[in-house]
Amino acid sequence: MIPPAHRRLLHDGLLAHAAERPDHPAVITADERLSYAELHDRAARLARALQDRGVRRGDRVAIFLENSATLVAAIYAASLAGAAFMVVNPQTKADKLRYVLADAGAAVLVSDARLARLAAPVAVELAHLHTLILGGDPAEAAAVPGAIALGALLASTPPEPRPSGVIPLDLAALVYTSGSTGNPKGVMLSQQNMVFAQGSLAQYLRLASDDRILDVLPLAFDYGLYQALMAVHLGATLVLEASFAFPAQVVRRVQEEGVTVLPGVPTVFASLLAMHRNQAIGMPSVRRITNTAAHLPDDYVPPLLEMCPDALVYKMYGLTECKRVCYLEPELVLQKPMSVGKAIPGTEVFVLRDDGVPAAPGETGVLHVRGPHVMMGYWNLPEETDRMLVPGRYPGERVLCTHDFFKVDTDGFLYFVGRSDDIIKSRGEKVSPVEVENALASIPGVREAAVIGVPDDLLGQAVRAYVVLDGGVEMDERAFRRACMARLEAFMVPRDVVFVDALPKTDSGKVRKKSLTDAVADSSEHPPGTGRTAARDRERS
Amino acid sequence: MQEIERDVRRFIGENFIIDGEADALAGDASLTQHGVLDSMGVLELILFLEQRYGLQVPDEEALPENLDSVDRIVRYAQRRLAAGGVEAAGAAARVA
């Protein structure tokens, strides 16, 4: 037994709860209900199997799975084996999957027979990737050349991983995040980064071991990931949904499973509120509602409290590079409606002017973050790392320069002002315009494209593409959209496309994005494009 | 292949996956688990059913058992069309 004060590694909580409360539900999904003993058993067998196949301390284990109990088990298996895990969104297309696996130099890919069409060819291509493990239908998995079927592997391996020698300074995970350069960057998080962050979050959210935490967000997204980590850290229960594709089903699960914690992004809450307007929804078991990734509109709060009368509403802000920066105490939601609060427990933040002097109240500056949650750096990107991690208070210490603009008020509360890069936040996910532009440029017939974010009530921002076609090429919106779907995860696919003869350029030939953005801000015209989801939302409101 | 199934497969093929794959997709395969539809995709599917067949898909019926495979979509649309005479007449007019 590991007493709480001595839990230093991600899997220490799992080991403790499997010993202390083996029958308590750990993970509930549509298909499975795993107790702590069962989750531990699955993780421990997989950990040993990874070690038996040559996985060593520090190796990267990629997990390309839908939200599922096996995905959670695989995270802890990697940690038990001394490896670092990386969760890849199951919507990822082949090119990007290949990119992140190659970038990380992943040794193992854990996936599912349903995703083998994508996973298997990429696994064969990459020499460093020596093991492909497929869950799901055993016959389908076994039919994939070179793949190992997960079920048989677990059945034939004892739940006894060998000591890995890992200490809290070791790499625990790579979390890939969109970068303004176009290629995703691997945020390196140590065991101690993650153990600290999960504890700090659970503390300010006032969570306990009897909580039942809903998770509809992809675990490749750190907000989704940390719901699972917090649940296991506390010995609580994770109610894990594959997605938020069917909101009515999610509501039913909340009601049936007595969910107490409802984490979401504004798009999730917008869907729930649209349903609630049609027919009142009651989710009285919910005690906490948490929002991050984009600003929660103030007029969402009263109807959310109608649905969940006993809930505390948390507004938060963060970035993958330190998981979470700040949160607003729920008792202050009405007093400080525009604020994202103060630093999370055990950390500090400060807003600095260009000249390095702390900004006065009301003055805009760049937000800096100091604490044990700050990342180790970006994988294989020393220059990018030096841009984000700058010298701190003591020799050798580094603090996170977020490059986001903030203000503080006289009470020390933080206000988000804007980003210094052109990353788009749509549906709570980060979209790199360059990444989308590169994908669009690879579509035959497209000469060039520029991508910007435009305001959208439902999405926060919607992705809009301005596209110049090659001479003589005709392409309708539908054909363009299909070509996008083949190349990009759905949340990156432009909602709007505007075909133009030319893009506004600077003298040096760079696309003048500001002209495009300003034109959107100035015009009151209806946005072009399909606007299908907007149409539906209008219908419902 | 009956007409509704053909319509649904064409809609999925044109909007969500690459040519040819819509026909290859097993009728009982989960569209969300195969990465064909995400949450926005489900909204677009619902809008398609509403516009194409004049159905109203209430929020509480937007569930995987009704919409998460080609077979389920076809069965759901048929059931709703059979249930609502007015709706069905409207749909026939639209289809025609």
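This report describes a predicted model with chains A and B.

## Ground rules

Local features need pLDDT of at least 70 and side-chain atom pairs count only at pLDDT 80 or more, while totals for chains, interfaces and linings use all residues. Residues are numbered from 1 along each chain as its sequence is written, and chains are lettered from A in the order in which they are written.

## Domains of chain A

Chain A has a domain 1 (4-190), a domain 2 (244-419) and a domain 3 (424-540). These bounds come from an automatic or database domain assignment.

The centres of domain 1 and domain 3 of chain A, taken over C-alpha atoms, are 35 Å apart. Their contact takes 10 residues from each of the two domains. Two residues are in contact if their C-beta atoms, placed from the backbone, lie within 7 Å. On the domain 1 side, there are no nonpolar residues, 9 polar and 1 charged. Here Ala, Val, Leu, Ile, Met, Phe, Trp, Tyr, Cys and Pro count as nonpolar, Asp, Glu, Lys and Arg as charged, and the others, Gly among them, as polar.

## Helix H8 of chain A

Helices (H or I, at least four residues) and strands (E, at least two) are DSSP runs, numbered from the N terminus. Helix H8 of chain A covers residues 191-204. From first C-alpha to last, this 14-residue helix reaches 21 Å, close to the 20 Å expected at 1.5 Å a residue. The expected span is 1.5 Å times one less than the number of residues.

H8(A) is largely enclosed by the rest of the structure, because 12 of its 14 residues are buried. Buried means that 20 or more other C-beta atoms lie within 10 Å of a residue's own, with C-beta atoms placed from the backbone; exposed means 12 or fewer, and partly exposed lies in between. Among the buried residues are Met194(A), Phe196(A), Leu201(A) and Tyr204(A). Their cover includes strands S8 (171-177), S9 (185-190) and S15 (326-328), plus helix H9 (222-234), of chain A. Just after H8(A), Arg206(A) takes a positive phi of about 60°.

## Chain B

Chain B has 6 helices and 0 strands. Of its 96 residues, 34% are buried. Among contacts in chain B with a separation of 6 or more, 58% join residues 24 or more positions apart.

## Where A meets B

In all, 23 residues of chain A are in contact with 22 residues of chain B. Helices H10 (247-257), H11 (266-278), H15 (477-485) and H17 (532-540) of chain A each supply at least two residues of the chain A side. H15(A) gives the most, with 4 residues. By class, that side has 10 nonpolar, 6 polar and 7 charged residues.
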